[in-house]
Amino acid sequence: MDRISYDDFSKLDLRVAKIVSTEKIPEKSRIIKGTISLGDEIRDVIIGGAQFYEPEELVGKTVIVVANLESKKMAGVESNAMLLAADIDDKPYWLTVDDHVPGGTKIK
């Protein structure tokens, strides 16, 4: 994989987010609709891995998101951030931080 410059990296707005609610998307077996809190802002997101996780398992997790990714619509849901995950055998493991870190905190 090519290396990127610090300037390219600094364009990413990485933040801590709290998953506040989730729900199944009946017509899609691999994604979950989630709502995250970035402190003073609430956003809807698409969360992959529905074949591995029940939606309620994700509620309350403190995760890392790319907050300035262009929005994308899937299954009628507009996703306005991307959760970061480690991928092991196609199963996502969400990158989490200590629950004491408030939603919206920037990651540098």
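This is a predicted model: local features need pLDDT of at least 70, side-chain atom pairs count only at pLDDT 80 or more; totals for chains, interfaces and linings use all residues.

User: How many bridges link S1 and S2?

Analyst: A hairpin of six residues joins S1 to S2. Along this pair, Thr-22 stands opposite Gly-34 in S2, and Ser-21 has Thr-35 of S2 as its bridge partner. The two strands run in the antiparallel sense, and the number of bridges between them is six.

User: Which residue in S4 is the bridge partner of Leu-14?

Analyst: Strands S1 and S4 pair in the antiparallel sense over five bridges. For Leu-14, the bridge partner in S4 is Val-66.

User: Which residues have the most contacts inside the largest nonpolar core?

Analyst: The largest nonpolar core contains 15 residues. Strand S1 (14-24), strand S2 (31-37), strand S3 (42-48) and strand S4 (62-66) each supply at least two residues of this core. Those with the most contacts inside the core are Ile-36, Ile-47, Val-65 and Leu-83.

User: Leaving aside its neighbours within four places in sequence, which residues is Val-65 in contact with?

Analyst: Val-65 is one of the residues with the most contacts inside the largest nonpolar core. Ile-36 and Leu-83 are also named in that group. With neighbours within four places in sequence left aside, the contacts of Val-65 are Asp-13, Leu-14, Arg-15, Ala-17, Ile-36, Leu-38, Ala-81, Met-82 and Leu-83.

User: Does Arg-43 count as buried or exposed?

Analyst: Arg-43 is found in strand S3. Its relative accessibility is 15%, and the cut-off for a buried residue is under 20%. Because its value is 15%, Arg-43 counts as buried.

User: What is the distance from the backbone oxygen of Asn-80 to a polar atom of the side chain of Arg-43?

Analyst: The side chain of Arg-43 has a polar contact of 2.9 Å with the side chain of Glu-41. Leaving aside neighbours within four places in sequence, Arg-43 is in contact with several residues, including Gly-34, Ile-36, Ala-67 and Asn-80. For Asn-80, the distance from its backbone oxygen to a polar atom of the side chain of Arg-43 is 2.7 Å.

Methods: Residues are numbered from 1 along each chain as its sequence is written. Side-chain values use heavy atoms; hydrogens and water are left out. A nonpolar core is a set of buried Ala, Val, Leu, Ile, Met, Phe, Trp, Tyr and Cys residues joined through side-chain atoms within 4.5 Å. Buried means under 20% relative accessible area, exposed over 50%, partly exposed in between (1.4 Å probe, protein chains only). Helices (H or I, at least four residues) and strands (E, at least two) are DSSP runs, numbered from the N terminus. Contact means heavy atoms within 4.5 Å. Two strands pair if DSSP finds at least two bridges between them. A polar contact is a pair of N or O atoms within 3.5 Å; within protein, one must be able to donate a hydrogen and the other to accept it, and residues adjacent in sequence count only if both atoms are side-chain atoms.
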